[in-house]
Protein chains: 2
Amino acid sequence: MTAPQQQFSRRAVLGTAAAGVAAGLGAGLTGGRALAVDGAAPALGTQQYAFHGPHQAGIVEPQQAKVQLAAFDLAPTAGRQGLRELMRHWSAAAERLTRGEAIPGSEDFVAADAGPCALTVTFGFGASLFDRTGLTASRPAALTPLPAFPEDALDPARSDGDLWVQIGADDALVVFHAHRALLRAAAGLATQRWQMSGFSRSPGATAKPLTTRNLMGQLDGTNNPRPGAKDFDGKVFATGPDWFAGGSYLVQRRIRMLLDNWDNLPTDRQERVIGRRKQDGAPLSGGTEHTPADLTAQHPDGTLAIPADAHIRIAAPAANGGAAMLRRGFSYADGTGPDGRPDAGLLFLAFQADPAHGFVPVQRRLARGDSLSRFLRHEASGLYAVPPGAPEGGYVGQQLLEG
Amino acid sequence: MTAPQQQFSRRAVLGTAAAGVAAGLGAGLTGGRALAVDGAAPALGTQQYAFHGPHQAGIVEPQQAKVQLAAFDLAPTAGRQGLRELMRHWSAAAERLTRGEAIPGSEDFVAADAGPCALTVTFGFGASLFDRTGLTASRPAALTPLPAFPEDALDPARSDGDLWVQIGADDALVVFHAHRALLRAAAGLATQRWQMSGFSRSPGATAKPLTTRNLMGQLDGTNNPRPGAKDFDGKVFATGPDWFAGGSYLVQRRIRMLLDNWDNLPTDRQERVIGRRKQDGAPLSGGTEHTPADLTAQHPDGTLAIPADAHIRIAAPAANGGAAMLRRGFSYADGTGPDGRPDAGLLFLAFQADPAHGFVPVQRRLARGDSLSRFLRHEASGLYAVPPGAPEGGYVGQQLLEG
């Protein structure tokens, strides 16, 4: 059996729900279980990630083609009991949907003709949730408001929130359907605060392994920690408090790109802003995309190959006390803003063991010295504690809510 | 060579541009030309449709996973000469991009790492364009404003326009990139009037052949004319005036679905509104999805199996003097509207030989008697003349502009 993403195969399961899908696309069938023809890509619909596990799905799994992000605020009357009910409902719905099954009684048939399509549903808790449910004492220490950064232009209506949800899949209707299901399950318990949708490359659109290209045309994510690397878990997953062990902190920023300004900049100047070649992502110090950047390399005239204010120099872990995070961003394109310019950019998502040693020091440096920052505008922000995964039969947050 | 959509294979070409893509996904390579392994789906990126041909691409080709629609108004000073220049630039850009090639001098590398991803770019002319360029005498007779329909709630800012563009592909970044390229090519010649984006199922998400499911959960498009059927061209393509022979009229309606109301309706009542079973699309008179609806069938108690106000009865060609059109709609989901409800629904697109014998009589009946109409709100509208395709070396609209 060939999983399309070998490095993430722990969770990847070729599903049984979409046997009919696979049959039409060249995957062989054995006893209702889809097996990919040797070397061939399995049908997109059959890609399945388990909902249950030590960590929630939607962190180490590769970005899907489509994402829906949303925050919810708990109803004033819901309290801890309401939160428990909500997380039970949401977890049960997410578990069914990620298997490619309909929610009992829903009479929805989206799942009946599509496979799971790599659906993941990930839940996070904002700081305000703990106060609202009398759980302040259990709030993870690092779940405190992010500091203000110079040039932030944040819209509170699209920031923060008691609960955070990430729904990703390779088919937009599967995402829409899962989002509707969560909205229905939240009725009376929580109301949606904001929603954003984004996209990444479609499976099969590009040669693998290829780093995602963002709306500026740059390869984005070259230096991301790789699942399976020896220090990966230490960078991404928290170890405490007890109920939160195996969880992760998620920083979300809606970063608008000033694309008209960017596109007017000649490619060689764009490359000096980033510190990498646009075509292949190689650092300007030489090599190929995954060659480590040599921050000391100089041109024959003595100038730095990677300029002093280049994005990759300022953001380099070496320059930030080893700070690292797992970026899992998506592009967004929401038409034209009120200013007549593209309302488009990056839904920056970064999972990390501790934001005080991840996003915060890096963003402090970027906001001050990064040549790229004049082409970006941070328009929304949130920090959430993403609980560990639920075991079979459990729900996300159970360790906190019944601990 | 296996084309994934046999019925549309006239135009389908497995591309050469994305050889590297195919190699990573199990397609064999022979002299730079991608060949699918027998029975296996070709890599999504390699799917290619020719820009040139007797009809424009993006009409008979199946809906791609992602679409960008936009209208432009010609700059006041552009005139016929400016329009000619614009259509030459746009056609050249579209032709390169649909081959999966970069536009010379653009320094964009999206195309370099993705194949064409089934990109089509389709252009249309609104009635206002003809007056603005002194071409009123050449305006096709049927390109007159659509009549007002009861219950229309049209936003003029998102309706009409001198020029209409449809960009479809199976990868969202390819669509975004093509849209940016057309915007750049329009600089000084035309300004964007509105834009909308939509989606359909991702290739491989569902078993084929399967009709698209819309946001209401219904199979939508069962009775669509099929390319290759004997009367297909007569329904879809116009025969005159001379410059327009082989063109088509496109009606676009942004149809918001009142999903909260719809979802509150029990499934059996939803089915009576539509006249089909939700799960498999079979008409309520019996059979399977493609069984012709028997409009006279009765239940044992003498009531109609397909209710008198069911959508498929009112819209049936038999009830509308044989009116038919090729629907090629996409779903849209733009978050929450100012009224707090989903701003989501259908970007209805219908190509037809003559709107006076296609959309207009059908919509007149639907607006009066269709049980479905109370769950829909038409919020934007446009009618455009989609010129015939350009021959190799030519550009779209050349027959009009140099005729």
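Where in chain B is the place of Pro241(B)? Pro241(B) sits in the loop between helix 6 (232-236) and strand 9 (248-257) of chain B. Helices and strands here are DSSP runs, numbered from the N terminus; a helix (H or I) needs at least four residues and a strand (E) at least two. The peptide bond leading from Gly240(B) to Pro241(B) is cis, with omega near 0°. Chain A has a cis peptide bond too, joining Gly240(A) and Pro241(A), with omega about 0°. Pro241(A) is placed in the loop between helix 6 (232-236) and strand 9 of chain A.

Before going on, a word about what you are looking at. This is a predicted model, in which local features need pLDDT of at least 70 and side-chain atom pairs count only at pLDDT 80 or more, while totals for chains, interfaces and linings use all residues. Residues are numbered from 1 along each chain as its sequence is written, and chains are lettered from A and ligands numbered from 1 in the order in which they are written.

Now let us step back to chain A as a whole. Chain A has 11 helices and 13 strands. Of its 403 residues, 53% count as buried. A residue is buried if 20 or more other C-beta atoms lie within 10 Å of its own, exposed if 12 or fewer do, and partly exposed in between, with C-beta atoms placed from the backbone. Among contacts in chain A between residues at least 6 apart in sequence, 73% join residues at least 24 apart.

Next, find a pair of helices. Two packed helices are described by the angle between their axes and the distance between the axes. In chain A, the axes of helix 2 (residues 79-98) and helix 5 (residues 172-185) come within 9 Å and cross at roughly 160°. That crossing makes helix 2 of chain A roughly antiparallel to helix 5 of chain A. The axes are lines fitted to C-alpha atoms, for helices over the stretch in contact, and the angles run from 0 to 180 degrees between N-to-C directions. Angles under 35 degrees count as roughly parallel, over 145 as roughly antiparallel, 65 to 115 as roughly perpendicular and the rest as oblique.

Which residues meet where helix 2 and helix 5 of chain A come together? Helix 2 brings His89(A), Trp90(A), Ala93(A) and Leu97(A), and these meet Ala178(A), Ala181(A), Leu182(A) and Ala185(A) in helix 5. By class, this contact has 7 nonpolar, 1 polar and no charged residues. Here Ala, Val, Leu, Ile, Met, Phe, Trp, Tyr, Cys and Pro count as nonpolar, Asp, Glu, Lys and Arg as charged, and the others, Gly among them, as polar.

Helix 10 (residues 359-369) of chain A shows how burial can be arranged around a helix. Its buried residues are Phe359(A), Val362(A), Gln363(A) and Leu366(A). They cover an arc of only 95° around the axis, which puts them on the same side of helix 10 of chain A; the arc is that of the directions from the helix axis to the C-beta atoms. An α-helix has 3.6 residues a turn, so residues three or four places apart point the same way. The buried residues of helix 10 pack against strand 9 (248-257), helix 9 (311-315) and strand 12 (342-352) of chain A.

Helix 8 (residues 267-274) of chain A has Gln270(A), Glu271(A), Arg272(A), Val273(A) and Ile274(A) as its buried residues. They pack against helix 7 (259-263) and helix 9 of chain A. Just after helix 8, Gly275(A) takes a positive phi of about 95°.

Two further residues of chain A have a positive phi although neither is a glycine: Cys117(A), at about 55°, and Ala118(A), at about 65°. Cys117(A) is found in the loop between helix 3 (110-113) and strand 6 (120-126) of chain A, and Ala118(A) lies in the loop between helix 3 and strand 6 as well. Cys117(A) counts as buried because it has 37 C-beta neighbours inside 10 Å, and Ala118(A) is buried with 30 other C-beta atoms within 10 Å.

Finally, return to chain B. Arg272(B) is placed in helix 8 (residues 267-274) of chain B and is buried, with 20 other C-beta atoms within 10 Å. Leaving aside neighbours within four places in sequence, Arg272(B) is in contact with Pro307(B) and Ala310(B).

Key. Two residues are in contact if their C-beta atoms, placed from the backbone, lie within 7 Å.
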